[in-house]
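Have the structure open as you read.

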Protein chains: 2
Amino acid sequence: MQKTKLKHKAEHWQKRLLTFLKWVLLSIGIGVLIGGGVGTLFYYLLQWTTQTRTNSPWLLFLLPAGGLFIVWLYRACGVKQSRGTDLVLLAVRSPQPLPARMAPLIFIATAVTHLFGGSAGREGAALQIGGSLGYGAGRLFKLDEKALHVVTMCGMGAVFSALFGTPVAAAVFAMEVVSVGQMYYSALVPVTISSLLASGIASRLGAVPTHYILAEVGSGLHLLPALQIALLAALCAAVAILFCQTLHIAGRLYRQFLPNPYLRVLMGSALVIVLMLLTGTSDYEGAGTNVIARAIGGHARPEAFVLKILLTALTLGAGFKGGEIVPSFFIGATFGCWMGGLLGLDPGLGAAVGMLCVFCGVVNCPLTALLLGCSLFGYSGAPYFFLACAISYALSGYTGLYAEQTILYSKFRPQFINKRTE
Amino acid sequence: MQKTKLKHKAEHWQKRLLTFLKWVLLSIGIGVLIGGGVGTLFYYLLQWTTQTRTNSPWLLFLLPAGGLFIVWLYRACGVKQSRGTDLVLLAVRSPQPLPARMAPLIFIATAVTHLFGGSAGREGAALQIGGSLGYGAGRLFKLDEKALHVVTMCGMGAVFSALFGTPVAAAVFAMEVVSVGQMYYSALVPVTISSLLASGIASRLGAVPTHYILAEVGSGLHLLPALQIALLAALCAAVAILFCQTLHIAGRLYRQFLPNPYLRVLMGSALVIVLMLLTGTSDYEGAGTNVIARAIGGHARPEAFVLKILLTALTLGAGFKGGEIVPSFFIGATFGCWMGGLLGLDPGLGAAVGMLCVFCGVVNCPLTALLLGCSLFGYSGAPYFFLACAISYALSGYTGLYAEQTILYSKFRPQFINKRTE
């Protein structure tokens, strides 16, 4: 009796270990090829576009041509209504398939948007590239539906990680973003391995992980800065809502007044060009990572966050491609730098807090935001960062970048709600 | 029409903000009184017991008397079958009430166990003290059932945080441990505020946050140490299973052969004393934080982890009180130091990894383990720590310290299982 039980248990564990090993191998493949390969390529492509645009500022005037090309490309490939990252989230939590052609499309379209100076990010694109390639790899190996969810997350984490150089935050992001309040721990080992390998290879190939030097946060927690940071976080939640709402409204107005996508992208480009020229700087073109670094260093213009919100909404709503995550960093960092200074905080610390809070407010991922903060600024600020992210998470309500994201628990009362963001 | 909608929205937000403020005030109260007050008191009480025992080693021979007192105390207060931390977990996820007398009982019993040299921890006791006081405070304010879940988590996080000095990890632990795979984000702001205040006050009152200096981990991720760490993590998962199983088996054997609780604690004490004397050291008495520090410094005896498993199981199974968490640190650190050295790792790094992995394996909380690692050892090791915790989480199967913990997703296949640990 005892012996059969033991034998049964041994067989059980043998099966478990085989599954475990299968996943280790799969996630190594995804980490190396999709993250380390495609992710690094994407990193260098975007580096090149930014460099080229900086050297040839007149490229901005070709924005309409770039826009027409993107609209044509998507339509030529049969993608009429592009739902981007939403499709990736759906593929993680439902049987909805994820078309593999999404990867090259967003890859090219994001590069074109950046080359001609549209205001857009990269990490949302990374989620789409990685997610759809991961899903495609899973189909190739004839994985079942549930396993496809896991490979999709592996791909998301891997490309994000290669691009940004923050493997832990990238892995947690892939598990946290789909259904907020749930952590897909079935994917824990595969996603972690893929993300670590991706960033490891990317950095070996010369990709520079994002990292900022923050003026000393000081150790321990002090009451006054904690209060200032809490107040700043609450204001950042409002900025996060403003950003999401502006994106939604811009998209709606564009579709309403310019139903033809070619006309829409042309008019949108014109608006973006005019507004960019009026600002008199190239700060708002592309991802604007240099502006973020300047804000962390303590310098930002008060109007920068409003202009970035507007220009990103005008760019993406018109039909250009790219992510909303780096813009959320830009908006948060510039707002936090300015407002933090007004509240009596060190402006650099204000920028760091603002960046994490607006990000947390628009993606509703407090643990990812915390880990991102630790990775970008070091662990000594973790208590402040966590307080800030918690407040921004709660007060940003149910707005979010991704219509297919669900929030499982009420942010205000302890109850299960399973609500979609809006 | 538009106006009524706006008015409706404004009222909605007014209600949300009022709820938010109510929770901020409640969590400040819990953080200050329960965490900063009771938690700090508990910290100093345990400091005193350890100091006293170190100065008077003969106190070990009074262990049987201490045991008799604990059994008598619990029975006099009408607690016959003590389920300890399990009751706290139940109170977070079910309408099951949590008796307030649990707090003073475990407070005193843990101190007695430590004073007379039983092998036990403190953090499990912290969860019980904090959880039941938080729950009691909620009853006092006539909160409804769901709000009681949140105040219970606030209390858990607060006392853990005051005792250990790791507020972020403590807050995440309270939200992660009950139902693994779910994050109770409704409690995010209150738990974070309570935990931060608790550790802030405790450190102002002189409690020293736990922190270790780890020989430089090096920046970036390298293949060879990653492989060594992955292998060590897999072995730690086996150690975690061994620890949990030994605890379960010891409890079962005790109850089977010594059904009378007074006789059980007497015989158990005798066993513990004999074994302690045979080891020829006081290393295994109490929590053994000095042994952990030594292991992180690179020195541990190969047999230490086995002896600590045995002595903790003999102590707790006999009826003594305290936690299993610091023992899991002890076991992991000493095992990791020794085995890490054999695998070619720096023994100190091996100890750090072992400590996090065995903890992660017995409580099934990978994100808490990661944050604990960052807080104790700094963020530079985060990629290694996360890899290690992920592997230990997956390979430790469904064993765990707390029978009332549920694991929502299979560790091996991506599917919902909602399984209790064993």
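## An arginine and its partner

Arg294(A) is partly exposed, because its relative accessible area is 39% (buried means under 20%, exposed over 50%, partly exposed in between, with a 1.4 Å probe and protein chains only). Its side chain meets that of Asp283(A) in a salt bridge, 3.3 Å from N to O (the rule wants a side-chain nitrogen of Lys or Arg within 4 Å of a carboxyl oxygen of Asp or Glu). The pair links distant parts of the chain, eleven residues apart: Arg294(A) is in helix H11 (residues 289-296) of chain A, and Asp283(A) is in the loop between helix H10 (261-279) and H11 of chain A. Helices here are DSSP runs (H or I) of at least four residues and strands (E) of at least two, numbered from the N terminus. Asp283(A) counts as buried, since its relative accessibility is 16%.

A word on ground rules: this is a predicted model, so local features need pLDDT of at least 70 and side-chain atom pairs count only at pLDDT 80 or more, while totals for chains, interfaces and linings use all residues. Residues are numbered from 1 along each chain as its sequence is written, chains are lettered from A and ligands numbered from 1 in the order in which they are written, and side-chain values use heavy atoms, with hydrogens and water left out.

## More charged pairs

Side chains of opposite charge can pair when their charged atoms come close. Over all chains, the rule counts twelve salt bridges. One of them joins Glu404(A) and Arg420(A), whose closest N and O atoms are 3.2 Å apart. This pair also links distant parts of the chain, 16 residues apart, with Glu404(A) in the loop between H16 and strand E2 (406-409) of chain A and Arg420(A) in strand E3 (residues 416-420) of chain A. Where does each end sit, buried or exposed? Glu404(A) is buried because its relative accessible area is 8%, whereas Arg420(A) is partly exposed, at 45%. Salt bridges that share partners bring in Arg93(A) too, making one network of Arg93(A), Glu404(A) and Arg420(A).

Then there's Glu123(A) with Arg122(A), whose side chains form a salt bridge at 3.2 Å, N to O. Both Glu123(A) and Arg122(A) are buried.

## Where the chains meet

Between chain A and chain B, about 5,100 Å² is buried, and carbon and sulfur atoms give 75% of that (buried area is the accessible area, 1.4 Å probe, that two parts lose on being put together, summed over both).

Polar contacts do turn up: eight residue pairs, both at pLDDT 80 or more. A polar contact is a pair of N or O atoms within 3.5 Å; within protein, one must be able to donate a hydrogen and the other to accept it, and residues adjacent in sequence count only if both atoms are side-chain atoms.

Gly373(A) sits in helix H15 of chain A and is buried, because its relative accessible area is 0%. Leaving aside neighbours within four places in sequence, Gly373(A) is in contact with Leu356(A), Gly378(A) and Phe385(A).

Thr246(A) belongs to helix H9 (residues 223-257) of chain A. Its relative accessible area of 18% is why Thr246(A) counts as buried. Not counting residues up to four places away in sequence, Thr246(A) touches Ile309(A) and Ala313(A).

Lys142(B) is exposed, because its relative accessible area is 76%, whereas Asn364(B) is buried, at 0%.

How values were computed: Contact = heavy atoms within 4.5 Å.
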